[in-house]
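Take a moment with the sequence and the coordinates below.

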Number of protein chains: 2
Amino acid sequence: MENNQKKNESITRQEDDFAQWYTDVCKKAELMDYSSVKGFIIYRPYGYAIWEQIQSYLDKRFKETGHQNVYMPMVIPESLFQKEKDHVVGFAPETLVATIGGNAPIDDRLIIRPTSEVLFCEHYAKIISSYRDLPKLYNQWCSVVRWEKTTRPFLRGSEFLWQEGHTMHKNEEEARTETLKMLEIYDDLGRDVLAVPFVKGRKTDREKFAGAEETYTIEALMPDGKALQSGTTHYFGNGFAKAFGIKFQNREGKLDFPHQTSWGVSTRLIGSIIMVHGDDNGLVLPPYVAPIQVVVIPVAANKPGVIPEARRLHDIVKAAGYRTFIDDSDKSAGWKFSEYEMKGVPIRLEIGPRDIENKQVTLAKRNTGEKITVKYEDLVPTIDALIKQIHQEMYQKATKYLQEHITEVRSVEELDEVLNKKGGYAKMMWSGDEESELFIKDKFAATARAIPFNQMPFDDKDPINGKPAKKVVLFAKAY
Amino acid sequence: MENNQKKNESITRQEDDFAQWYTDVCKKAELMDYSSVKGFIIYRPYGYAIWEQIQSYLDKRFKETGHQNVYMPMVIPESLFQKEKDHVVGFAPETLVATIGGNAPIDDRLIIRPTSEVLFCEHYAKIISSYRDLPKLYNQWCSVVRWEKTTRPFLRGSEFLWQEGHTMHKNEEEARTETLKMLEIYDDLGRDVLAVPFVKGRKTDREKFAGAEETYTIEALMPDGKALQSGTTHYFGNGFAKAFGIKFQNREGKLDFPHQTSWGVSTRLIGSIIMVHGDDNGLVLPPYVAPIQVVVIPVAANKPGVIPEARRLHDIVKAAGYRTFIDDSDKSAGWKFSEYEMKGVPIRLEIGPRDIENKQVTLAKRNTGEKITVKYEDLVPTIDALIKQIHQEMYQKATKYLQEHITEVRSVEELDEVLNKKGGYAKMMWSGDEESELFIKDKFAATARAIPFNQMPFDDKDPINGKPAKKVVLFAKAY
């Protein structure tokens, strides 16, 4: 077991240094590696496979709800980018700009897309002319570039992978419905796939997306008490449509501007999974995104018959539809236990000579460490049940943590207590004035994360400026 | 039928102007649109969906053969790019270079990846140290940028979508096997999915990839007599490994350099599909990549009961697993016939009041125009059979054309006849000297497309320089 200890020791303990723990896990579980350009990470197979699971779920949901995939250019001419004022102000400071093509200077310099609103708008202006052309429900999977000063794997990168949906609708109602519908799909992803509960709500004007009329968000809560914005959907009204001259003839024969949405989630979700579920032994992956759901480890593998029997069981579990891996290398069982624990594999199947004799295996759950002995004939049904159970346990644990960390505050002192000591969300009655947000930002380095859909007023005045309260808002420090 | 005629007339006839026919089809079948930056196209839903089918087939084959997906940064520091001499000479003239990030100049300027060999090598140098780490079988799906002067949709773009496999092996034999194995998978894709027959072979030294020891190719033949390089696989030996310091301890405990491959296909394959199969009425899509395999068109749709019955049949065909679409819009049946003909949908299902009375439908095959009447109870089995049959017919037609356009040449006059009149491949005995290639390039603007695997020498001297012949080579004009 010496190996095992070594492995565990190589990860910083969460309570010693949470940020270092996170980086250790990212690197040592082989989710990513750094490249030679700051903020541009390498998505290694184990990390990319998690993204593929997320893609697979969302792509199916998008298509079922009538969306179509497209691919837009990765470059945006500077002149085009500047067409919508708020948008350019929001993104210009963090753009990567290409100025040379084929050894010659480029006249209209090319911005590597930080987001593709303007590209979609330029295209929509060409292909939308009648109500018959609406709605347009497009999505694209790609990478985007935002030149960031401070970068962390998955959480904030100069390049990251994402999907961006961009839709056009005949009226405001339809567009608003779309904005909320996509937020629901993201929330489903959290609940049913990532085992990550989100707070859902609207952003304040200060926090909304550059150019949007309204931004909705799903926010996850990390164990260090900070919120992580995990996905957003935006209602644009017809501001971009006007800026880009997108018009259509409505059913009454009149020219009208379509109403627009966009929405996206990114590889940041991987960061959310790592932090919400991980522990001092490494990753704990929710079963429905785990690249390996069941790892088979032969014990006393040098004894005759063990490896063939382990392979046979591996094949049975695999044939039942699970992502299964057998480690039949010559490393010690202890090393392997520790390795796949660190990699967060939900179920470990151990099989040794005594098990074979008794026609049974041991199954160990990564999330709780529980071990159970299972007869061969019960193997697949037990795994069926465990996968569901592990997912539920992980979701419930995270939900409990979230609920315990939404704290009503009625004074600056209570704000301080929550934001600087307890962690999590300070639930506060807000006057709707930016001055309160600025005060909290300056004093506590915290921001309004969401105006939750579930509004349960508990006081009548804003504790910062004493003005009448209009909304319940969740404030928190955030990634 | 006036609408129908209008539609057909809007596409240039192939024999009038093949290049214009191609562009018309790309645009009017809504496969793509131009963006405001030359050579950066928009992949519209109908075009992107073809790429998704190709991805889906290949991704499965790659994973079945042990490959893993990763994602590397989209930028390459100029200093890193220059590490392998031949490689940089080959790509430098067509790079897009980012020089400004976050409003500040970038010291080590960033090349937008034209291909990712150097990124993979830099990473492999960090993660490979023992024979236990080999092989590494990585692939990535992404877009790449090559700043091209002359661009055409799908065929040659400044940005295109592709996959690039990059693998590392413990010895030459294993790497060479990989190079040929991936070429076989590409060939399977052509035969089983795209209905496009390829010539397979090796590239001459002049035509091989920058930095490769050997390049293998699949070449498709277009109806205008020009070849289209549709995919390549490269064996690199250990040249990059040496340049990047990638070393491993072999089983004997000695330090060794791994042997490397790379391989890729791109959205160029969509161009190949369009040209190989298309006709004067537009696209003709092979059934296994067609985004819509069966289009249901109600005839006399205003008669009571027609649309509900058409929808019912649509649902039956869809439930049988086919990508199915019903056009129940208020456009005329004639317009619709023409529209989906242009879009190359393999099977059109027509249903009108008389059909309903007789419990039958009409099925029309896009590739031949044949129509058959089918009883309700035979609908799904007939579609099962038709899909297979259409694929076979399309593949056989293209194969016949290819075979008829490989012509043995024994003199410069015969070369001229094939390259400038008949079209297709001039099959020539070659001395192995670059002078013959240069002569053919200068005189006929044609290149050595492949040294085919199937070598059947038919003469003993090279007709260009009169020297002893070493290889059978296929020369052609090419895209």
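Is Asn103(A) buried or exposed? Asn103(A) counts as exposed, because its relative accessibility is 61%. The classes are set with a 1.4 Å probe on protein chains only: buried is under 20% relative accessible area, exposed is over 50%, and partly exposed lies in between. Asn103(A) sits in the loop between strand 5 and strand 6 (104-112) of chain A. Its phi is near 70°, a positive value in a residue other than glycine.

A word on the ground rules. This is a predicted model, in which local features need pLDDT of at least 70, side-chain atom pairs count only at pLDDT 80 or more, and totals for chains, interfaces and linings use all residues. Residues are numbered from 1 along each chain as its sequence is written, chains are lettered from A and ligands numbered from 1 in the order in which they are written, and side-chain values use heavy atoms, with hydrogens and water left out.

Chain B has a positive phi to look at as well. Ala300(B) is not a glycine, yet its phi is about 50°. Find it in the loop between strand 15 (294-298) and helix 10 (306-319) of chain B. Ala300(B) is partly exposed, with a relative accessible area of 30%. Most residues other than glycine have a negative phi, and most peptide bonds are trans.

In chain A, the bond from Leu134(A) to Pro135(A) is cis, with omega near -5°. Pro135(A) lies in the loop between helix 6 (117-127) and strand 7 (136-145) of chain A. In chain B, a cis bond joins Leu134(B) and Pro135(B), with omega about -5°. Pro135(B) lies in the loop between helix 6 (117-127) and strand 7 (136-145) of chain B. Helices (H or I, at least four residues) and strands (E, at least two) are DSSP runs, numbered from the N terminus.

Now turn to the contact between the chains. It takes 53 residues from chain B and 53 residues from chain A, where contact means heavy atoms within 4.5 Å. Together the chains bury about 4400 Å², 60% of it on carbon and sulfur atoms. Buried area is the accessible area (1.4 Å probe) that two parts lose on being put together, summed over both. In chain B, Pro45(B), Tyr71(B) and Met74(B) lose the most area to chain A, together 14% of what that side buries.

Charges meet here as well. There are six salt bridges between chain B and chain A. Each needs a side-chain nitrogen of Lys or Arg within 4 Å of a carboxyl oxygen of Asp or Glu. One of them links Lys63(A) to Glu52(B), with the closest N and O atoms 3.1 Å apart. On the side of chain B that touches chain A, strand 5 (residues 96-101) of chain B gives the largest share, six residues.

Strand 5 also pairs across the contact. Strand 5 (residues 96-101) of chain A runs antiparallel to strand 5 of chain B over five bridges. Two strands pair if DSSP finds at least two bridges between them. Ile100(A) has Val97(B) as its bridge partner.

Finish inside chain B. Strand 9 (residues 199-202) pairs antiparallel with strand 10 (residues 214-221) over four bridges. There, Gly201(B) is partnered by Thr217(B). Two bridges also join strand 9 to strand 22 (residues 447-452), again antiparallel. Arg202(B) stands opposite Ile451(B) in strand 22.
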